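Thanks for coming. I have one structure to go through, and I will keep it brief.

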Amino acid sequence: MPIQQLPDVLVNQIAAGEVIERPASVVKELVENALDAGATRIDIDIEEGGARLIRIRDDGGGIPPNELPLALSRHATSKIANLDDLEAVATLGFRGEALPSIASVSRFALTSRPSDAEHAVRLEVDGGRIGAPTPAAHPAGTSVEVRDLFFNVPARRRFLRAERTEFGHIDDWLRMLSLARPECQIKLQHNGKQVRLYRPGLDDAGRMRRLLDALGDGFASQCLAIDQEAAGLRLFGWVGLPTASRSQADQQYFFVNGRAVRDRVVSHAVKQAYADVLFHGRHPAFVLFLEIDPRRVDVNVHPAKHEVRFRDQRLVHDFLYRTLHQVLAETRAGAAAAQSL
Ligand code: ADP
Ligand code: MG
């Protein structure tokens, strides 16, 4: 075969293979977009584990009508414009890939209305073919509908698991995002029934309520709030007491500048800090937020953006370890003192 330029739709489908693994990846990308748009309310409707329908509505800033087609084209983003922006990026998205990828592997519709526009505009895309924009009724904000995910990629469609499993993944991602952005109300429905309501809250009481909504009383009643700063780093959130430890590592949430990440440096520091207070085979529970100058961390490591690279790994590791170790040592000393009374 001669060398030839691949058509756009195929390029998008190939990109979708990297970022869109299952319905939960769609939900994650779309909710991140809503959060980046400053939404204070996000409503999510799922049917059949997301295989039939994923619909996400937000009350964020919306997309101007003339920019709608751009939102669906590859490498088009309103979030960065140059390398400097990339190095200091504060939004969850920046690659300009999610919407075109999702639209290329589903029956897709985007409806949006900025608050100063008279009406909304709707664009439908069927397996990558973009229709003509039409006026639509919609409050200020954006709705995205994704039907029949992977209908045109049979290999992917076949790998979808049972409805309950796929919905479980969606639920897990939303729990994570709900912890990252307590100021935004998030409602989740499955097959017409409300499954979760994450109530908004920014003050201490509100954040505590969010913790309860997301992780339940088992964690919320057995954790310590922490907030420490050193060397331009800030670590805050909640560490589970040894009594809140788990047989699996399923309640471990770590956010870097509001982005959920999995990181070896972080895991190692946390594990070491807990080593003295946990029995072998037990896993700590925690919800921790690290704030760091965005220039000291690279988020452009992986298309799905679950990974980061710290410029100064040692410093981050030692700060986490020392902070957590100290808090946990104090609780141990407290428990010992209480026992000796
Ligand atoms: P990225 O988030 O990396 O910029 P996306 O493909 O997810 O790329 O979205 C493309 C663009 O569409 C965004 O940069 C943003 O300007 C716009 N957009 C997408 N979703 C929303 C939304 N819910 N509200 C407002 N604008 C949106
Ligand atoms: Mg995005």
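This is a predicted model: local features need pLDDT of at least 70, side-chain atom pairs count only at pLDDT 80 or more; totals for chains, interfaces and linings use all residues.

Start with helix H10, residues 264-274, whose buried residues are Val 266, Ala 269, Val 270, Ala 273 and Tyr 274. Buried here is a count: 20 or more other C-beta atoms within 10 Å of the residue's own, against 12 or fewer for exposed and anything in between for partly exposed, with C-beta atoms placed from the backbone. These five cover an arc of only 125° around the axis, which puts them on the same side of H10. The arc is that of the directions from the helix axis to the C-beta atoms. As a reminder, an α-helix has 3.6 residues a turn, so residues three or four places apart point the same way.

Residues are numbered from 1 along each chain as its sequence is written, and chains are lettered from A and ligands numbered from 1 in the order in which they are written.

Now the whole protein. It has 11 helices and 16 strands, which are DSSP runs numbered from the N terminus (helices H or I, at least four residues; strands E, at least two). Of its 341 residues, 35% count as buried. The C-alpha trace spans about 75 × 45 × 45 Å along its principal axes.

Next, the domains. The protein is divided into domain 1 (8-198) and domain 2 (218-335); those bounds come from an automatic or database domain assignment. Their centres, taken over C-alpha atoms, are 29 Å apart. Across the boundary, 12 residues of domain 1 are in contact with 13 residues of domain 2, contact being C-beta atoms, placed from the backbone, within 7 Å. On the domain 1 side, helices H1 (8-19), H4 (83-87) and H7 (163-180) each supply at least two residues, and H7 gives the most, with three. What is the make-up of that side? Nine residues are nonpolar, none polar and three charged. Nonpolar covers Ala, Val, Leu, Ile, Met, Phe, Trp, Tyr, Cys and Pro; charged covers Asp, Glu, Lys and Arg; the others, Gly among them, are polar.

Last, ligand 1. Of the 21 residues around ligand 1 (C-beta atom, placed from the backbone, within 6 Å), Asn 33, Ala 37, Thr 77, Gly 93 and Ala 98 come nearest. Helix H2 (23-36) gives the most to this shell, with three residues. The shell divides into seven nonpolar, nine polar and five charged residues.

Technical notes. Two residues are in contact if their C-beta atoms, placed from the backbone, lie within 7 Å.
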